[in-house]
Amino acid sequence: GTLDKYIGDAIMAFWGAPQEQPDHALRACRAALAMMDRLAGLRARWRERDLPDIDIGIGINTGPMSVGFVGSQDRFYNYTVLGDAVNLASRLEGANKEYGTHVILGPSTYEDVKERVVVRELDLVRVKGKREPVHIYELLALAPATPELAAFVERFRWGLSAYAAQRWDEAIARFREADELRGGDPTSRKYVERCEAMRREPPGPEWDGVFQMKTK
């Protein structure tokens, strides 16, 4: 991949340029999983040394982008990528805070890699600054899934299906089962909270299931 820039405490990188890579989406997913594996080892060492803990979130998106040197004579030219697809990746990175996840894929990336990775559909969201909702997915592992991971993904999917159909009690039960199978899953607990709130105040037949992201 190409390391683009550091933005505060963030790292921006892209694949597929300047060298063409037909499997660029899968390469990005592999890099994200490698980052999480490396971070797990570092966090263990930091805890042993009584150092502050650090966690990260990663957003991956695929799509048309303008690629090249951007800048002017007054500033250094920067080889980078620009476009809506880039902006969505940034929004997905921030969405990890909402769901308690670490790596979120956009719909185009998911379509490119779905046979090679293990994911769970997270939500149908409208990100800040966009009108059209998008399906988002959490990257969990490279395929194939272990039996335990497959069972967790299936149970969460049942919960999501019941949630979309406004069967709140059934959804709560499935999400609690998913939480237990995972040994603690912030996303499942977030959905339990949503379901309990909607059971108290039903959204009505016009509800489209879209979650509005209010932050970046």
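Leu3, Tyr6 and Ile11 make up a nonpolar surface patch, and their accessible area together is about 370 Å². Patch members have over 30% relative accessible area and no salt bridge; nonpolar side chains (Val, Leu, Ile, Met, Phe, Trp, Tyr) are joined within 5 Å, like charges within 9 Å. A salt bridge here is a side-chain nitrogen of Lys or Arg within 4 Å of a carboxyl oxygen of Asp or Glu. Areas come from the Shrake-Rupley method with a 1.4 Å probe, and for residues only the protein chains shown count as cover.

This is a predicted model: local features need pLDDT of at least 70, side-chain atom pairs count only at pLDDT 80 or more, and totals for chains, interfaces and linings use all residues. Residues are numbered from 1 along each chain as its sequence is written, and side-chain values use heavy atoms, with hydrogens and water left out.

Stay with Leu3 for a moment. Leu3 sits in strand 1 (residues 2–7). Helices (H or I, at least four residues) and strands (E, at least two) are DSSP runs, numbered from the N terminus. Leu3 is partly exposed, at a relative accessible area of 49%. The classes are buried under 20%, exposed over 50% and partly exposed in between, with a 1.4 Å probe and protein chains only.

Five strands form an open sheet with mixed pairing, in the order 3-6-8-7-9. Strand 3 (58–60) and strand 9 (211–212) are the edges; each has a single partner strand, so one side of each lacks a neighbour in the sheet. Two strands count as paired if DSSP finds at least two bridges between them.

Strand 8 (residues 134–142) runs antiparallel to strand 6 (residues 103–105), and two bridges join them. Leu105 has Tyr137 of strand 8 as its bridge partner. Strand 7 (residues 117–126) also pairs with strand 8 in the antiparallel sense, over eight bridges. There, Val117 is bridged to Leu142 of strand 8. In a regular strand, side chains alternate between the two faces of the sheet.

Contact means heavy atoms within 4.5 Å.

Most residues other than glycine have a negative phi, and most peptide bonds are trans. The bond from Ala17 to Pro18 is cis, with omega near 0°. Pro18 lies in the loop between strand 2 (10–14) and helix 1 (24–48). Ala143 and Pro144 are also joined by a cis peptide bond, with omega about 0°. Pro144 belongs to the loop between strand 8 and helix 4.

Asp50 is not a glycine, yet its phi is positive, about 60°. Asp50 is in the loop between helix 1 and strand 3, and is exposed at 73% relative accessibility. Gln166, not a glycine either, has a positive phi of about 65°. Gln166 is in the loop between helix 4 and helix 5 (168–182), and is partly exposed at 26%.

Arg194 is buried, with a relative accessible area of 9%. Leaving aside residues up to four places away in sequence, Arg194 touches Tyr99, Asp123, Tyr163 and Phe211.
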